[in-house]
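Trainee: Please take me through the chain interfaces and the pockets of this assembly.
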There are 8 protein chains.
Amino acid sequence: MAEFTFDYERRSRIGLDEAVFCAGKSTAQIAAIVAGVRDGVTGLLLTRLDPEKFEALPVEQRAGLDYDPVSRTAILGAARPIEPGPAVAIVLAGTSDVPMAREAARTLHFNGQAQTTFTDIGVAGLWRLLDRLEEIRLAPVVIVVAGMDAALISVVGGLVSGAVIGLPTSVGYGVAAGGQTALHSGLASCAPGVPIVNIDNGYGAACAALRIMNTLRRHASAVSDHQPGQPGR
Amino acid sequence: MAEFTFDYERRSRIGLDEAVFCAGKSTAQIAAIVAGVRDGVTGLLLTRLDPEKFEALPVEQRAGLDYDPVSRTAILGAARPIEPGPAVAIVLAGTSDVPMAREAARTLHFNGQAQTTFTDIGVAGLWRLLDRLEEIRLAPVVIVVAGMDAALISVVGGLVSGAVIGLPTSVGYGVAAGGQTALHSGLASCAPGVPIVNIDNGYGAACAALRIMNTLRRHASAVSDHQPGQPGR
Amino acid sequence: MAEFTFDYERRSRIGLDEAVFCAGKSTAQIAAIVAGVRDGVTGLLLTRLDPEKFEALPVEQRAGLDYDPVSRTAILGAARPIEPGPAVAIVLAGTSDVPMAREAARTLHFNGQAQTTFTDIGVAGLWRLLDRLEEIRLAPVVIVVAGMDAALISVVGGLVSGAVIGLPTSVGYGVAAGGQTALHSGLASCAPGVPIVNIDNGYGAACAALRIMNTLRRHASAVSDHQPGQPGR
Amino acid sequence: MAEFTFDYERRSRIGLDEAVFCAGKSTAQIAAIVAGVRDGVTGLLLTRLDPEKFEALPVEQRAGLDYDPVSRTAILGAARPIEPGPAVAIVLAGTSDVPMAREAARTLHFNGQAQTTFTDIGVAGLWRLLDRLEEIRLAPVVIVVAGMDAALISVVGGLVSGAVIGLPTSVGYGVAAGGQTALHSGLASCAPGVPIVNIDNGYGAACAALRIMNTLRRHASAVSDHQPGQPGR
Amino acid sequence: MAEFTFDYERRSRIGLDEAVFCAGKSTAQIAAIVAGVRDGVTGLLLTRLDPEKFEALPVEQRAGLDYDPVSRTAILGAARPIEPGPAVAIVLAGTSDVPMAREAARTLHFNGQAQTTFTDIGVAGLWRLLDRLEEIRLAPVVIVVAGMDAALISVVGGLVSGAVIGLPTSVGYGVAAGGQTALHSGLASCAPGVPIVNIDNGYGAACAALRIMNTLRRHASAVSDHQPGQPGR
Amino acid sequence: MAEFTFDYERRSRIGLDEAVFCAGKSTAQIAAIVAGVRDGVTGLLLTRLDPEKFEALPVEQRAGLDYDPVSRTAILGAARPIEPGPAVAIVLAGTSDVPMAREAARTLHFNGQAQTTFTDIGVAGLWRLLDRLEEIRLAPVVIVVAGMDAALISVVGGLVSGAVIGLPTSVGYGVAAGGQTALHSGLASCAPGVPIVNIDNGYGAACAALRIMNTLRRHASAVSDHQPGQPGR
Amino acid sequence: MAEFTFDYERRSRIGLDEAVFCAGKSTAQIAAIVAGVRDGVTGLLLTRLDPEKFEALPVEQRAGLDYDPVSRTAILGAARPIEPGPAVAIVLAGTSDVPMAREAARTLHFNGQAQTTFTDIGVAGLWRLLDRLEEIRLAPVVIVVAGMDAALISVVGGLVSGAVIGLPTSVGYGVAAGGQTALHSGLASCAPGVPIVNIDNGYGAACAALRIMNTLRRHASAVSDHQPGQPGR
Amino acid sequence: MAEFTFDYERRSRIGLDEAVFCAGKSTAQIAAIVAGVRDGVTGLLLTRLDPEKFEALPVEQRAGLDYDPVSRTAILGAARPIEPGPAVAIVLAGTSDVPMAREAARTLHFNGQAQTTFTDIGVAGLWRLLDRLEEIRLAPVVIVVAGMDAALISVVGGLVSGAVIGLPTSVGYGVAAGGQTALHSGLASCAPGVPIVNIDNGYGAACAALRIMNTLRRHASAVSDHQPGQPGR
């Protein structure tokens with residue numbers, strides 16, 4: 001009995017390629033999914049693929065995968081060519097947030113979207129953020145990656161006029177363990193209009209950015225280039 | 001001592017006009033804020049303004065406010081003229097979600113953004129959604145408003161290629177009371193790339209949509225009109 | 001001192017054979033229970049028996065057990081012959097839900113109940129469910145197995161007229177970790193009349209289905225074959 | 001704009017008539033829904049209709065409603081005639097559980113299903129349950145209504161062979177306040193195969209029973225009258 | 001710097017000998033505590049001493065310890081001689097509760113209190129309890145050990161007139177994982193007057209029983225032997 | 001249909017008279033219960049009877065009730081005569097805990113047990129406790145009533161050798177609101193052997209003390225008057 | 001029986017005058033406490049005294065109280081004269097935090113400590129904080145008052161070198177309701193060394209500041225005036 | 001791309017040297033941070049550095065680190081010389097709290113602050129605290145380290161007049177597991193003015209003490225040496 005039904009129509013339906021979440025799956029299940037991909041399919045993204053599971057895959061499958069152990073992602077086949085246009089910004093609070101940020105970056109890369117990462121600019125040293133602010137404001141979408149109190153989400157949301165997506169992480173201990181505090185802090189942000197994805201969900205934050213870029217490309221001609229109130233200067 | 005410092009630069013900084021959250025404020029505080037708005041300021045949005053508090057405001061202040069008791073919002077001065085371009089879609093699971101949906105609609109209206117509302121199309125009667133799907137897909141941004149299990153967020157997220165924002169509501173009882181189940185269901189959605197705002201936060205969902213529209217208007221000329229994989233057909 | 005008191009009268013009292021939950025028990029305790037089963041008892045089901053514990057059992061006990069590592073179940077002695085009549089449907093949201101679904105399937109099999117499994121038809125790709133809907137509707141009882149947001153429980157509950165049982169799973173991360181979101185989403189479902197079992201409780205979902213089949217067999221002659229409102233077409 | 005879309009096909013699709021959950025709706029919304037019911041529709045059930053809201057409805061609407069303040073339910077038009085066949089049993093732990101039990105009873109009545117209620121037989125006085133056990137065992141479905149520790153759900157589940165549905169209530173204080181303890185106790189029951197509905201969800205428990213009766217009536221002719229292991233003696 | 005200050009006066013102050021909780025301590029800390037016990041001290045109880053930690057202690061310390069791996073307790077020196085008088089009853093719901101029950105039994109033994117254990121009499125097979133009820137009623141104190149829904153606490157509390165102490169365990173999964181459901185069910189019991197100790201706290205339940213036995217021995221001469229309402233028949 | 005089944009055998013079974021918990025019951029239900037008490041029954045205790053509900057009872061029923069608005073308890077008929085023997089001690093952390101302490105005191109009084117109350121001796125002013133310690137140590141059972149951090153439970157538990165019962169209250173705000181912090185603090189007490197009742201459950205704490213006094217009276221002759229280790233000096 | 005024991009030695013023991021928390025107390029209890037204050041006692045602070053309760057006090061008691069309805073505090077007798085030395089800073093995120101901030105200010109005032117309040121400088125408009133930063137840095141202790149995401153606590157903690165105390169408030173809705181998010185955000189702050197008081201505990205934050213000022217006054221002569229690393233410039 | 005941006009200005013801004021939290025970082029990241037420290041920087045503190053990670057660092061890096069496995073801290077370069085002036089007191093409830101207490105002690109040491117530790121003086125044996133009280137009262141700041149019920153925080157807070165900081169630990173099991181009970185107990189303390197840091201946050205408690213010492217040194221000359229009410233005697 002086939003346990004996995006490939007969603008080959010996903011891109012035409014929601015503008016995103018199929019991805020496989022590996023965390024709850026056995027190595028045997030993952031190998032079967034990879035083996036079952038129809039010839040000619042351009043690419044497949046695997047997320048939450050632990051190094052141990054990757055190493056346990058058949059050697060010929062491993063050879064066909066572009067694997068990154070930090071983000072625990074693998075790409076089967078070629079990533080899409082990078083679309084022309086502005087780069088999405090990924091802003092990190094600290095070094096511990098790198099794995100989740102890189103999952104987002106790899107998902108954007110796989111879908112052909114340029115991105116720029118700004119590391120280690122948590123609000124405990126506010127000048128680190130203010131120094132990079134003008135660059136960050138140029139991005140059409142900003143993904144803010146932060147654990148612990150996730151105060152960076154609010155601070156960035158109060159300084160940037162475009163789309164901002166909060167990506168809370170499980171970095172922290174005590175009340176911050178597991179990421180609930182970062183999640184709730186992001187949802188309760190005093191900066192308006194910053195929606196949040198699930199804890200550690202770099203893949204989801206990137207997909208949300210891709211949806212916005214889909215919208216941007218589809219509706220570009222329909223909007224005037226009038227800029228309301230000159231945002232972002 | 002002045003207790004409220006008006007953020008007159010908000011629009012130029014983040015592309016959104018100042019708004020006042022009235023839930024934790026006394027009538028005296030609200031009246032002082034309204035009285036303190038500088039002459040010539042175009043508009044001010046008041047949210048979570050209960051009918052009792054509205055009725056307790058000075059009569060001359062009430063006269064200057066466009067008040068809607070269902071959404072508990074008031075607009076001081078004129079709303080911005082509606083910008084040309086496509087309308088944001090607001091999709092509701094049920095009649096009980098109307099107040100939160102209308103808070104979003106009024107916030108969009110106040111900021112000059114067109115919107116269309118699709119009511120009572122929860123997944124328990126799936127045909128109600130499928131009948132309206134083509135219309136919904138035309139919107140650049142879809143706000144999905146749902147309480148209880150918030151399954152509508154996942155179903156819409158799996159059928160639409162553009163930006164989708166989940167607005168969980170506190171509609172429900174037992175485990176759904178207060179909206180935690182709807183919130184968590186939205187965050188854990190099996191449909192990728194749907195970020196979520198705080199429970200009952202119609203204002204925030206609208207602001208997130210406005211940020212995307214800001215991005216759209218600012219970057220429209222920079223992107224090609226190439227549509228990757230023909231999303232959304 | 002005997003630490004386990006076999007409930008030999010369980011089938012005559014509640015229509016289900018005795019089963020042993022192994023998760024909190026030591027290998028020594030499990031071996032003692034298996035060794036203590038009275039001669040002539042037809043069968044015993046062991047659930048949550050990890051491969052490590054199974055391997056640590058005495059070799060002659062292992063020889064007498066039909067063990068399945070995916071569902072972590074073992075059957076001592078022969079399963080009951082399959083009863084004539086319609087098959088219970090088990091509907092899965094994703095590949096990661098296979099272990100819990102198979103625990104349900106094995107429990108039905110052990111108790112002599114036919115079943116059919118429908119895999120990987122989560123709502124993110126709604127057509128996968130709609131393609132199989134007519135088959136699913138034929139079942140007297142449908143067990144819906146889903147983690148993360150468990151939106152599949154509501155969608156199936158809104159499309160099927162017979163008994164539906166929700167089996168939430170611990171598949172997911174962040175707010176979905178541990179299965180609380182799936183559980184709450186199922187309990188708060190907008191589709192009426194879908195009761196829920198404990199997280200990952202494939203055994204319990206199957207027992208609930210068996211109780212319904214017991215009722216069906218016991219009361220079949222007492223009901224008219226009048227079909228109220230022609231459900232299920 | 002119509003805010004409510006009547007699901008006239010619900011009975012033919014899932015075997016249950018449309019019902020309106022009134023808790024989150026304004027009196028104006030409820031009045032509009034009642035006024036909008038298409039002529040010739042046989043009946044409509046309103047749940048969670050507080051006496052204050054009922055009293056605020058237009059007098060001619062009130063005249064057409066069969067209202068019960070204890071269960072806070074109203075029936076518009078005639079209930080269905082009672083179907084022939086065995087009665088569903090509703091078993092209550094205590095007097096405080098009466099409102100939820102009556103919501104279940106009224107829902108069964110509205111849908112034409114006979115029921116019998118067994119009151120105040122909590123396990124603190126176990127003999128009260130044992131005295132009525134033979135009667136309870138005759139029912140095809142037993143709904144157990146209990147708050148606080150909900151131990152009654154486990155005790156009944158261990159004594160009855162047919163379908164049992166647990167209905168946890170919010171009765172209690174301290175850790176029991178709101179019904180979480182009763183809910184979790186029911187889900188973690190040591191008696192196998194007892195699924196649970198949301199807290200205080202008498203309507204849902206009744207719908208789950210109706211689905212089983214639908215199954216029973218639809219499949220009655222397909223099953224043999226062989227009774228496996230003579231359950232229920 | 002000495003990290004542990006022995007409480008040599010504990011018995012004279014609260015009627016219980018000193019005990020050492022080993023769960024959060026390193027092997028080096030435990031060895032230092034054991035080595036530091038003053039000559040002539042009659043005994044020391046060590047709880048939560050994992051087999052790995054026990055094995056890592058110096059061989060001469062291990063020789064002086066009476067160690068039980070099931071309950072993870074060790075006794076240094078001799079236990080007190082058993083006091084004359086009635087035995088405390090320990091009643092278990094299932095085999096998985098044996099470790100916690102044995103921690104209680106060993107603590108009673110160490111303090112010179114007789115006890116009798118009744119195993120595997122969970123309410124899913126109620127006759128197993130009713131068969132032993134007369135014996136259980138003879139005990140001055142009954143400790144009820146139960147995980148999952150802990151319904152046994154309520155059932156015993158409703159059948160016994162003397163002191164009953166609830167000991168909830170972490171046995172279970174899903175909502176029962178960690179023992180919160182058992183704890184809350186015990187606290188919300190419909191049977192009056194059954195206080196509860198912390199989850200898995202066999203040591204604490206035994207100490208509570210010992211305090212009652214202390215009271216009993218101290219006040220025995222002061223009370224009449226009048227039995228109010230003939231309890232316990 | 002009678003909704004309440006009086007448990008006339010409760011005292012002979014568990015040594016406590018019947019009591020009625022009024023919080024979830026309507027005035028009509030309470031009046032029916034009071035009216036239905038069999039002639040010749042010695043007494044009935046009503047708990048959680050709010051002043052508003054008491055005032056709404058029929059005047060002739062009110063005349064027969066000994067009502068105390070602080071503890072919200074009423075006694076129908078005569079309380080039992082006070083048994084000879086030592087008094088139970090009730091120790092309060094603060095003035096806000098008086099209602100719960102008085103519910104315990106009234107329950108003891110109703111069942112014929114002497115008690116002494118020690119008020120306002122929270123640990124923030126430790127000398128208030130130490131000044132009364134010798135008196136408190138004379139009691140066979142000590143009920144400690146405390147909200148907020150409930151540190152008093154641990155301090156008393158570390159100073160007294162007899163039976164101690166913790167009664168956490170909902171006094172407090174922020175993290176202490178509702179009493180969860182006091183409950184958890186009591187359960188996690190560093191003083192061994194202090195079991196805990198549900199939040200604000202003065203009735204239950206008193207019943208636990210009564211069970212101990214039942215044990216004391218029943219087993220007094222069976223124990224030696226040997227005092228182990230001279231506790232309590 | 002006296003229910004309240006005045007702690008007249010509190011100031012000599014912990015450097016703070018006695019205060020009465022009125023939230024859980026009846027008007028009768030409060031009146032009795034006020035009436036019972038010993039002649040010659042300099043002052044008494046009452047907190048959480050709702051306007052309704054204040055109005056219900058005897059008129060002669062009201063006359064002797066300095067009552068502030070915003071902070072719900074009353075001072076009996078004269079406040080202490082303001083001590084010479086630097087003022088404590090109270091920094092507020094928004095207008096809704098005024099009541100808690102004023103409770104802190106009034107507590108400082110009552111104890112003779114100067115304070116300065118900085119209102120409405122939440123991080124959504126970061127310039128409002130930066131404009132006042134030099135003034136804030138002059139204070140020996142800074143109390144930061146913030147609800148919702150409480151990001152202000154982290155931002156101030158990262159900019160100020162002296163003692164900072166976080167006072168989370170219950171301002172907010174959804175996940176922020178009740179103040180848990182603000183509390184957790186403060187505890188998990190990325191700025192080191194900012195301890196937190198209970199939600200809405202303006203009194204406690206002021207007492208923590210007073211303890212620091214006590215330390216400062218007591219140890220001033222013992223420390224060198226060497227400034228390590230020139231903090232704060 | 002550099003993933004870590006050293007905050008060289010931290011001491012001049014907030015009076016504390018830079019520290020690196022290693023829990024969420026890979027060995028490669030930690031090694032890169034250590035390697036990247038600018039020549040001439042006086043010192044760097046690493047916290048939550050597990051022995052396994054320490055052992056995996058390059059041998060030449062290990063040689064330059066002063067590592068303590070109990071507290072899991074390492075100091076790169078020399079600690080600051082101890083400042084003259086009074087020592088901070090660290091008071092521990094039990095042996096299991098040593099790791100967190102030592103993290104605080106090492107952080108104080110690294111920053112040049114003298115400290116004295118008082119071990120194993122939990123309230124279950126109250127005399128252990130009272131014996132050391134006079135010494136503890138001499139400290140300008142007292143850090144109280146306690147898990148389980150954390151009653152020690154309240155007791156010390158009620159006996160000491162200077163600054164007290166609560167450091168709740170994750171020591172305990174059942175409801176105390178993870179430290180939530182200790183945290184909440186500290187926040188809800190009946191002793192006024194004791195702020196709390198995150199669970200197990202020895203580093204943060206020390207930083208809070210250092211901020212107070214910074215304040216003390218900076219403002220010493222500005223305050224009179226008048227002691228209000230003669231606290232602390």
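Trainee: How many salt bridges are counted between chain F and chain D?
Mentor: This is a predicted model, in which local features need pLDDT of at least 70, side-chain atom pairs count only at pLDDT 80 or more, and totals for chains, interfaces and linings use all residues; side-chain values use heavy atoms, without hydrogens and water. Residues are numbered from 1 along each chain as its sequence is written, with chains lettered from A and ligands numbered from 1 in the order in which they are written. A salt bridge is a side-chain nitrogen of Lys or Arg within 4 Å of a carboxyl oxygen of Asp or Glu. Between chain F and chain D the count is 0.

Trainee: Which elements of chain F give two or more residues to the side that touches chain D?
Mentor: By class, that side of chain F has 7 nonpolar, 6 polar and 6 charged residues (Ala, Val, Leu, Ile, Met, Phe, Trp, Tyr, Cys and Pro count as nonpolar, Asp, Glu, Lys and Arg as charged, the others, Gly among them, as polar). Elements are DSSP runs numbered from the N terminus, helices being H or I of at least four residues and strands E of at least two. The elements of chain F asked for are α1 (10-14) and α9.

Trainee: What area is buried between chain F and chain D?
Mentor: Contact means heavy atoms within 4.5 Å, and 19 residues of chain F are in contact with 15 residues of chain D. Buried area is the accessible area (1.4 Å probe) that two parts lose on being put together, summed over both. Carbon and sulfur atoms give 53% of the area between chain F and chain D, which is about 1,500 Å².

Trainee: Which element gives the largest share of the side of chain A that touches chain B?
Mentor: The area buried between chain A and chain B is about 5,000 Å², 58% of it from carbon and sulfur atoms, and the rule finds 0 salt bridges there. At least two residues of the side of chain A that touches chain B come from each of α1 (10-14), β8 (163-168), α9 and α10 (202-219) of chain A. The largest share, 12 residues, is that of α10(A).

Trainee: How far apart are the closest C-alpha atoms of chain A and chain E?
Mentor: Chain A and chain D do not touch, and their nearest C-alpha atoms are 21 Å apart. No contact joins chain A and chain E either, where the corresponding distance is 16 Å.

Trainee: How many charged residues are in the lining of the largest pocket?
Mentor: A pocket is an open set of points on a 1 Å grid over the protein atoms alone, where a 1.4 Å probe fits, with protein on both sides within 12 Å along at least five of seven lines; lining residues have an atom within 4 Å of a point. The largest pocket is lined by 44 residues, with A:Gln180, B:Gln180, B:His184, C:Gln180 and H:Gln180 nearest its centre. Its lining has 14 nonpolar and 30 polar residues, and the number of charged residues is none.

Trainee: Which element gives the most to the lining of the second largest pocket?
Mentor: The second largest pocket is lined by 25 residues, including E:Ser26, E:Gln29 and H:Thr95. These 25 residues divide into 13 nonpolar, 6 polar and 6 charged. Both α2 (27-36) of chain E and α5 (98-110) of chain H supply at least two lining residues. The most, 5 residues, comes from α2(E).
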